[in-house]
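Subject: Structure handover

Hello,

Please find the structure below, followed by notes on what was found in it.

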Amino acid sequence: MSTFLHVENINVYYGAIHAIQGVSFDVNEGEIVTLIGANGAGKSTVLKTVSGLLRPKIGSITFAGEDITQTPPHKIVEKGLAHVPEGRRIFQQMTVEENLEMGAYTQPQSGITADLEMVFEQFPRLKERRRQIAGTLSGGEQQMLAMGRALMSHPKLLMLDEPSMGLAPILVEQIFEIIRTLHKSGTTILLVEQNAQMALSVADRAYVLETGEITLSGTGAELVKSDEIRKAYLGG
Amino acid sequence: MTFLNYLINGISLGSVYAIIALGYTMVYGIAKMLNFAHGDVIMVGAYISFIITSKMGLPAIVSVLAAVVVCTLLGIFIERLAYKPLRNATSLAVLITAIGVSYFLQNSALLIWGSDPKSFNSIVDFDSIKLFDGQLVITAEAIVTVCACIIIMIALTIFTGHTKMGKAMRAVSEDKGAAQLMGINVNSTISMTFAIGSALAAIAGVLLCSAYPTLLPTTGSMPGIKAFTAAVFGGIGSIPGAMIGGILLGVIEVFASAYISDKLSNAIVFGVLIIVLLVKPTGLLGRKINEKV
Ligand SMILES: Nc1ncnc2c1ncn2[C@@H]1O[C@H](COP(=O)(O)OP(=O)(O)OP(=O)(O)O)[C@@H](O)[C@H]1O
Ligand SMILES: [Mg+2]
């Protein structure tokens, strides 16, 4: 296994607020790594910094051997890093199919039909609703669309920010099943979750983020057993 | 019959407003800013066309193409120089800059072309259509203007609905951050929008001055404000809204000045706008916009 994503001592600010204070972590090829932490710990900020929406003041980010610290976000996508943002952020006024086409923006036009089929196979619900305006989809369908849209770019590394947020338990189960499937098919995954239980159960390794710093790391199995984690994130 | 004449005049004037309003509304939709210099780009387009036809004696179509090319470049240039550095600034800073650009363009025109009014030669040279023993007159300018407006509307609908670039523009207008995560270059999309808006402004300038042939450095400012009103009226950010808003505004203006009072027509136009916004704050076809980082 080789280091795929290497985040080295990043410091991110919102104006004067020092939101991320020297965070470092690695994601190896083929792994599922999860980043867990309470509200406001800085999980989304880390993902936005990796995908280039935010810039670290100090620190560096290397993806597939290339320094992407200063690369604009649209170029980072081209390199094979897709980010499903918090709150889905699908294009509400566009149809399901148009959303997926936007996901394929960096891909050659010729492959889009086949890729649409690939996504529809993964998410049959989206196929039935391909002409529906995305804003009218249910929460679970919107999450599927957000994930499908990211898959259209053939990501080597998929970053998911709270894919289970606001979903009923059965849908959470479904989303995690899809995460497992994607992983089996070779996609490397960086997963941000508040649902620590579920996240740790699928993850190879995990990092715990607290107020902008990584306070704990280990394999998923290790962290599930850790007392600290039990108390703070698993409800005893 | 006079009613029909007024209606045709109104639709024709409204078509010009609509073409200008499209530029306002597209730039607002994508860059979330009011480009108050948009009206002055119209004036630049009209001067370019004037020079090429009246001074150089070249055919009208050449002058229109030249105006479009110059205005497109001017639009891209303005965005790069004046607005791009303010991408993360407050909207007030951007607004003040846009007003500054507007005065800059007007005063540059004053320096280059002087303050004496130029008499613009219409770009169309076929005769008006006279119906019912000459009681109903449809001017050649009106026909060309309305046709141009329809063609532009169809072209933009196809562009935004069926092309990759057009869909990317819609994506950017909905959510810049998410659009970037798709691999869309937001800066070049914004540039493209300014280019399209300014090209349309050039066409509007030529059509406007063909119907109302007095050309001055301030020629673009009042139609610019009216078209902005039309864009808000129709729902700022909405392309069909700009179209409908523009045409309604032109019709209301012509009827108000014909049947109520020439002097009050502008007051009536803005009065109608205020009433529409009181009843429907997002304009006729507008939607609420949520901004996300
Ligand atoms: N645009 C912003 N401007 C100012 N502060 C911000 C901004 N976005 C986030 N923050 C602050 O940065 C910190 C980290 O926020 P972030 O969204 O990364 O947390 P999170 O771990 O993803 O939380 P959650 O689990 O609630 O999504 C918080 O204190 C938040 O208030
Ligand atoms: Mg978050």
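The second largest cavity is lined by residues of chains A and B: Val77(A), Ala82(A), Gly103(A), Arg149(A), Ala150(A), Ser153(A), Leu181(B) and Met182(B). A cavity here is a set of points, on a 1 Å grid over the protein atoms alone, where a 1.4 Å probe fits but cannot get out, and lining residues have an atom within 4 Å of a point. The volume of this second largest cavity is about 30 Å³, a volume being the space filled by probe spheres set on the points, with grid points joined across faces, edges and corners. Its lining has five nonpolar, two polar and one charged residues; Ala, Val, Leu, Ile, Met, Phe, Trp, Tyr, Cys and Pro count as nonpolar, Asp, Glu, Lys and Arg as charged, and the others, Gly among them, as polar. The count of cavities of 30 Å³ or more comes to two.

This is a predicted model, in which local features need pLDDT of at least 70 and side-chain atom pairs count only at pLDDT 80 or more, while totals for chains, interfaces and linings use all residues. Residues are numbered from 1 along each chain as its sequence is written, chains are lettered from A and ligands numbered from 1 in the order in which they are written, and side-chain values use heavy atoms, with hydrogens and water left out.

Next, the ligand. Ligand 1 is surrounded by 14 residues, and the closest are Asn39(A), Lys43(A), Ser44(A), Thr45(A) and Glu86(A) (a residue is near if one of its heavy atoms lies within 4 Å). A polar side-chain atom of Glu86(A) is 2.6 Å from a ligand oxygen, and a polar backbone atom of Gly40(A) lies 2.8 Å from an oxygen atom of ligand 1. The protein buries 65% of the 630 Å² that ligand 1 exposes when taken alone (Shrake-Rupley method, 1.4 Å probe). In the shell around ligand 1, α1(A) gives the most, with three residues (helices are DSSP runs of H or I, at least four residues, and strands are runs of E, at least two, numbered from the N terminus).

Arg205(A) is in strand β9 and Glu31(A) in the loop between β2 and β3 of chain A, so the pair ties together parts 174 residues apart in sequence.

Regards

Technical notes
A polar contact is a pair of N or O atoms within 3.5 Å; within protein, one must be able to donate a hydrogen and the other to accept it, and residues adjacent in sequence count only if both atoms are side-chain atoms. On a 1 Å grid over the protein atoms alone, a cavity is a set of points where a 1.4 Å probe fits but cannot get out, and a pocket is an open set with protein on both sides within 12 Å along at least five of seven lines; lining residues have an atom within 4 Å of a point.
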